[in-house]
Amino acid sequence: MAQAADASAPVVAAAGAVAAAAEENPYGLGALWAQGDFVAKGTLLILVIMSMGSWYVIFTKLAEQSKLKKQAVAAKETFWSASTVAQGKDTLAQDSAFRFIAEKGLEGASKHTGLLASVDFNEWVSMSIQRAMANVQSRMQDGLAVLATVGSTAPFVGLFGTVWGIYHALVKIGMSGQASIDKVAGPVGEALIMTAIGLAVAVPAVLGYNWLVRRNKAVMEEVNAFGADLHAVLLGSAKK
C-alpha cells in the first residue's frame, strides 16, 4: 500500500501542477477583451453577431421547411380528394403555400379574358402557377445568403483580428525590449484566438447552408409536383 501511494504521488502532483497552471493562465478571451483596443473588440463583436445571425437563420429555415413539408402532406390528403380546385383550396390552411399556388392558378384561369384571351390558355395558366411557385421558392431561399456570406467572410474577419493582435503584441514586445518566450508566446497565442473564433463561426454557417439547400431542393420537388398536377387539372376543367 505504501509503494502504491508513493507511485501515485508524482501523478497527483503533476495533475495539481497542470490545474494550477490552467487557473493561473493570464491569457484567453477575458484577457483579449480586457487588453484589446476598439478594433479588436469590434472585430470580436462582429464575429459574435455573425454567429448569432447564422444560427438564427439555420433554426428559422429549419422551422419553415418543416412547416412546408407538413403542408405538402396536408395537400396530398385533402386537396386532391375534393370535387373542384376551389373546394380543394378551401381545405388547406390560410398560410399554406399550396393554397397560395392553387389560388394563383384559379385566378389565372378566371382572368383569361380581354387582351389576355389572345394568349394561349395553357401558357397563361402555366405562367400563373410558375410565378406562384417562384414566389414560394424565393421565400424558402431567404436568409441563405446570410449563411453564405458568413461562411466565406468569417475566417478573414478572424484573420484580420489575429493580424491586428499580433501587430500590437510585437509593438509592446519591441517597446519593452524583452523578446523572451514568455513575452512572445502569450500575446501571440492570445491573438490567434481570433482565427479560431472566425473558423468556429464559419464552419457551422457553411454546413448549415449546404444542409438547408439540400432540404430546400427536396421540399421544392413537392411544390413543383403539386404545381404540375394543378396545371393539368385546370386545363382538364377548362376543356369540359
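Q: Which residue follows α6 with a positive phi?
A: This is a predicted model. In it, α6 is followed by a residue whose phi is positive, near 95°. That residue is Gly143.

Q: What distance does helix α6 reach from its first C-alpha to its last?
A: Helix α6 covers residues 121-141, which is 21 residues. At 1.5 Å a residue, the expected span is 30 Å, and the helix comes close to it. From first C-alpha to last, α6 reaches 30 Å.

Q: Within what arc do the buried residues of α6 fall, seen down its axis?
A: The buried residues of α6 include Phe121, Trp124, Val125, Ser128 and Ile129. An α-helix has 3.6 residues a turn, so residues three or four places apart point the same way. The buried residues of α6 line one face of the helix, because they fall within an arc of 165°.

Q: Which ring lies under Arg139?
A: Arg139 lies over the face of a ring, at 5.5 Å from the ring centre. The ring belongs to Phe100.

Q: Which element gives the most residues to the lining of the second largest pocket?
A: The second largest pocket holds about 260 Å³ of space. Its lining includes Glu64, Lys67, Phe100, Val136 and Arg139. Two or more lining residues come from each of α3 (38-78), α5 and α6. With 4 residues, the element that gives the most is α3.

Q: How are the rings of Phe79 and Trp80 arranged: stacked or edge-to-face?
A: The structure holds 5 aromatic pairs. In the pair of Phe79 and Trp80, the ring centres are 4.8 Å apart and the planes stand at 90°. Planes over 60 degrees apart count as edge-to-face. The pair is therefore edge-to-face.

Q: Is Trp80 buried or partly exposed?
A: Buried means under 20% relative accessible area. Phe79 is buried, at 3%. Trp80 has 35% relative accessibility, so Trp80 counts as partly exposed.

Q: How many residues apart are Phe98 and Phe226?
A: The rings of Phe98 and Phe226 form an edge-to-face pair, with centres 5.1 Å apart and planes at 85°. The pair links distant parts of the chain, with Phe98 in helix α5 (residues 97-110) and Phe226 in helix α8 (residues 181-239). The two are 128 residues apart.

Q: What is the relative accessibility of Phe226?
A: Phe98 counts as buried at 2% relative accessibility. Phe226 also counts as buried. The relative accessibility of Phe226 is 4%.

Q: Which residues do ring pairs link into a cluster with Phe79?
A: Phe79 pairs with Trp80, and Phe98 pairs with Phe226. Ring pairs link these residues into a cluster. Joined with Phe79 are Trp80, Phe98 and Phe226.

Notes. Residues numbered from 1 in each chain as written. Predicted model: local features only at pLDDT ≥ 70, side-chain atom pairs only at ≥ 80, totals over all residues. Heavy atoms only, no water. Phe/Tyr/Trp six-rings, centres within 6.5 Å; stacked < 30°, edge-to-face > 60°. Buried < 20%, exposed > 50% of the residue type's maximum accessible area, 1.4 Å probe, protein only. Lys NZ or Arg CZ within 6 Å of the ring centre and 35° of its normal. Expected span 1.5 Å × (residues − 1). Arc of directions from axis to C-beta. 1 Å grid on protein atoms, 1.4 Å probe; cavity = no way out; pocket = protein on both sides within 12 Å on 5 of 7 lines; lining within 4 Å. Points joined across faces, edges and corners; volume = space filled by probe spheres on them.
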